[in-house]
Amino acid sequence: MARITTNRVNAGEMELTDKVVQINRVTKTTKGGRTFSFSALVIVGNGNGVVGQGLGKAREVQLAIQKGIDDAKKNLIRVPILKGTIPHQIFSKEGAAKVLMMPASHGTGVIAGGSMRAVLEAAGVTDILTKSQGTNNPHNVVSATLKGLSQLREPIQIAKDRNISLSKVFNG
C-alpha cells in the first residue's frame, strides 16, 4: 500500500477521533489446523482538516483496532477546507478505485458512500459531492480518497503562485 508523503502532520497533542471502516477475519491454515486473526482499517481525524488512515492486524479485534489507530496517527495529512468544503474538484485513483470529489454549496451535506464518507467526516468536510467508481474495496477507496485530499491546493497559495488576489482565483 502506497503511503502519502505530502502535507504530513504530527499527531502530538491533537484531539483525534477514530472510526473503524472495516474489520476482516483472516484464516491461515497450518499443519495444526486453522489460525484466525483480524485486520482492521481505521480512520482518525480531528474534524478540522487533519485525517489519517491505518491498518492493524492481530489475533483479537480490539488489539487490531488499537494497532490501526496507532498506524493512522503516524500517517496524518492536512486537508485544505474552505467554508466546509474542498477548494476545487479533484479526481484520484488507487488500484481499481476511482474517486471524484467536487465542492458543494453550504447545506448540501456529505454526499458520499461508506468508506469515503468516513474519511471526509473525520477530516471535517461538511459539504461535498462525490462519486466512487470501479471497485468498492474499502482499502483502495480510502487510499484514493486520501490521495485526492492530499493533492488539494490552498486557495491562498494558488493566488500567491499566480500573483493575483484571492477573489480573482474564484471569479476566474
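Is Lys83 buried or exposed? Lys83 is exposed, with a relative accessible area of 77%; exposed means over 50%, buried under 20%, and partly exposed in between, with a 1.4 Å probe and protein chains only.

## Basis of the model

This is a predicted model, in which local features need pLDDT of at least 70 and side-chain atom pairs count only at pLDDT 80 or more, while totals for chains, interfaces and linings use all residues. Residues are numbered from 1 along each chain as its sequence is written, and side-chain values use heavy atoms, leaving out hydrogens and water.

Helices (H or I, at least four residues) and strands (E, at least two) are DSSP runs, numbered from the N terminus.

## Loop residues

Most residues other than glycine have a negative phi. Lys83 has a positive phi, near 55 degrees, and lies in the loop between strand 5 (76-78) and strand 6 (90-94). Asn163 also has a positive phi, near 60 degrees. Asn163 is exposed, with a relative accessible area of 71%.

Asn75 sits in the loop between helix 1 (61-74) and strand 5. Asn75 counts as buried, at 14% relative accessibility. The side chain of Asn75 reaches the backbone oxygen of Asp71 at 2.8 Å. This is a polar contact, that is, a pair of N or O atoms within 3.5 Å; within protein, one must be able to donate a hydrogen and the other to accept it, and residues adjacent in sequence count only if both atoms are side-chain atoms.

Two strands pair if DSSP finds at least two bridges between them. Strand 3 (residues 33-45) pairs with strand 4 in the antiparallel sense over eight bridges, and in strand 4 Gly56 is the bridge partner of Ala40. The two strands form a hairpin with four residues between them, and Gly47 in the turn has a positive phi of about 75 degrees.

Strand 4 (residues 50-58) is mostly covered, with seven of its nine residues buried. Strand 4 also pairs with strand 5, antiparallel, over three bridges; there Val50 has Arg78 as its bridge partner in strand 5.

Strand 6 and strand 7 run antiparallel and are joined by five bridges, with Ile90 opposite Met101 in strand 7. They form a hairpin with two residues between them, and Gly95 in the turn has a positive phi of about 65 degrees.

## Helix 4

The buried residues of helix 4 are Pro155, Ile158 and Ala159. They lie on the same side of helix 4, because they cover an arc of only 100 degrees around the axis; the arc is that of the directions from the helix axis to the C-beta atoms.

## Nonpolar cores

A nonpolar core is a set of buried Ala, Val, Leu, Ile, Met, Phe, Trp, Tyr and Cys residues joined through side-chain atoms within 4.5 Å. The largest has 25 residues, and Val51 and Met101 are among those with the most contacts inside it. Strand 3, strand 7 (97-103), helix 2 (114-123) and helix 3 (138-150) each supply at least two residues of this core. A second, separate core of 12 residues includes Val9, Ala58, Ala64 and Ile69.
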